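Visitor: I would like to learn how to read the features of a model like this one. Could you walk me through it, please?

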Amino acid sequence: MSDRRKILIFVNHFPPAFKSGGPVRSVANIVEALGEDHDIHVVTTDRDRGDARPFDHVTSDRWNSLSKAKVWFASPGSLDLGTVSALIDEVAPDLIHTQSFFASHFSILPQLAAWRKCYGADSILVGPRGEFSQGALGLKAVKKRAYLALWKLLGLWRRVRFHASDAHEARDIARLFPKASVSKARDIGPGPTDVPLVAGIDGEPLKVLFLSRIAPMKNLDFALEALARCREPIAFTICGPVDDAAYWERCDKLVDKLPGHVAVTIEGPVAPPDIPAKFAAHELFFLPTRGENYGHVIAEAFASGAYTLISDRTPWTGLEVKEAGRTLALEDGPEAFALAIDAFARKSADERLAMRKAIRAVSPTLTGREEAIAEHHALYASGAQSAPDQERNSR
């Protein structure tokens with residue numbers, strides 16, 4: 001049997017989308033890294049998060065040839081159980097890979113359709129993508145608890161294989177479904193960029209960047225509380241789409257209360273091609289997130305040469321040893337993060353630039369890109385023998 005397999009991926013958003021964060025980059029990197037070795041099909045929506053209009057230059061509700069995959073951009077309301085079932089019939093995949101546990105159209109419907117077609121557990125791969133972290137489960141908790149209870153009651157965890165992006169996520173899955181089948185494969189990070197780094201200037205404010213969705217999970221309010229405690233001059237740039245208007249209103253009030261030596265610029269979403277330049281123009285990337293199963297934006301910060309200050313709720317630990325940044329516990333409070341920012345700001349501009357160049361140079365080692373690609377090859381190969389029936393495997 002050939003090692004080349006048909007992979008059908010369901011994900012809420014796919015490039016040219018960029019506003020919904022990590023899963024977009026996860027799948028785009030999978031396609032880029034593995035698309036020459038496997039036949040990859042992607043089912044997604046035909047517009048970016050919050051947009052009223054579909055993308056230009058794609059055809060909705062048809063297969064589009066993009067990058068190294070065939071992509072089905074579904075129009076609003078077009079995906080139902082019948083349509084998803086028909087897409088599965090058309091592709092006849094060896095493996096179905098969903099990029100969510102809770103998403104109704106891009107996880108629940110594909111699983112229901114696959115079960116109806118007698119796909120085995122090894123042929124349905126469910127990636128929670130951080131949804132099982134304590135922080136994520138605390139949001140819209142009632143609905144999530146009810147759905148998890150149903151899964152446990154009906155034993156549905158026996159009918160899929162879970163994809164854990166790291167050891168933290170594997171433990172989160174085991175906490176909810178102790179006997180579930182779990183395969184691990186790290187997310188595939190970017191390679192180093194060649195965008196010139198913009199050096200800071202001694203005596204001028206430290207340029208600090210927050211680049212992420214404006215949502216409680218990303219903890220912008222905590223970042224602003226930390227900046228309010230900084231003693232050194234700071235130029236703080238906030239980039240990212242507003243996911244939660246009420247949350248942004250709270251953050252905006254905190255911006256108004258910042259001391260005079262902390263200047264804030266609000267820029268909104270940044271398209272993926274512009275991200276390396278945005279990092280290169282800032283010296284420190286600040287993301288005190290409440291939880292990441294990977295954190296593509298963190299990997300992009302390393303690749304772009306940004307000194308990185310993050311919480312301890314990501315897989316990126318030991319940054320101090322690698323001189324790539326700092327990892328601090330949220331429980332230590334905003335004051336601890338403020339002290340770290342001030343300590344970096346007190347270094348000379350030349351010292352900060354040298355550190356950033358070193359981070360960019362070692363970024364492939366930091367992200368483990370080649371190892372992650374190999375793990376994804378193994379992840380997709382492990383489901384090869386589990387097909388809905390003998391006839392489909394012999395096609």
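Guide: Let us begin with a helix pair: H1 and helix H14 (residues 369-381) pack at an angle of about 85°, and their axes are 11 Å apart. Axes here are lines fitted to C-alpha atoms, for helices over the stretch in contact, and angles run from 0 to 180 degrees between N-to-C directions. Helices (H or I, at least four residues) and strands (E, at least two) are DSSP runs, numbered from the N terminus. This is a predicted model, where local features need pLDDT of at least 70 and side-chain atom pairs count only at pLDDT 80 or more, while totals for chains, interfaces and linings use all residues. Residues are numbered from 1 along each chain as its sequence is written, and side-chain values use heavy atoms, with hydrogens and water left out.

Visitor: How are H1 and H14 oriented to each other, roughly parallel or roughly perpendicular?

Guide: Angles under 35 degrees count as roughly parallel, over 145 as roughly antiparallel, 65 to 115 as roughly perpendicular and the rest as oblique. H1 and H14 are therefore roughly perpendicular. In their contact (heavy atoms within 4.5 Å), Ile30, Ala33 and Leu34 of H1 meet Ile373, His376, His377 and Tyr380 of H14. By class, the contact of H1 with H14 has 5 nonpolar, 2 polar and no charged residues. For these classes, Ala, Val, Leu, Ile, Met, Phe, Trp, Tyr, Cys and Pro count as nonpolar, Asp, Glu, Lys and Arg as charged, and the others, Gly among them, as polar.

Visitor: At what angle do helix H7 and helix H8 pack?

Guide: Helix H7 (residues 220-227) and helix H8 (residues 245-256) pack at about 5°, with axes 9 Å apart. That makes H7 roughly parallel to H8. On the H7 side the contact uses Leu220, Asp221, Leu224 and Glu225, facing Tyr247, Trp248, Arg250, Cys251, Leu254 and Val255 in H8. The residues of this contact divide into 7 nonpolar, no polar and 3 charged.

Visitor: How many helices and strands does the protein have?

Guide: The count comes to 15 helices and 14 strands. To judge the overall fold, compare the radius of gyration, taken over C-alpha atoms, with the globule rule, 2.2 Å times the number of residues to the power 0.38. The radius of gyration is 22 Å, close to the 21 Å that the rule gives for 395 residues, so the protein is as compact as a globular protein of that length. Its C-alpha trace spans about 70 × 40 × 40 Å along the principal axes. Residues 24 or more positions apart account for 72% of the contacts with a separation of 6 or more.

Visitor: Is Arg352 buried or exposed?

Guide: Buried means under 20% relative accessible area, exposed over 50%, partly exposed in between (1.4 Å probe, protein chains only). Arg352, found in helix H12 (residues 349-361), counts as buried at 3% relative accessibility. Leaving aside neighbours within four places in sequence, Arg352 is in contact with Gly200, Ile201, Leu206, Glu283, Phe344, Ala345 and Lys347. Of the 395 residues of the protein, 56% count as buried.

Visitor: Which backbone details deserve a look?

Guide: Cys118 has a positive phi of about 65° although it is not a glycine. Cys118 lies in the loop between helix H3 (104-116) and strand S6 (124-126), and it counts as exposed at 53% relative accessibility. A cis peptide bond joins Pro15 and Pro16, with omega about 20°.
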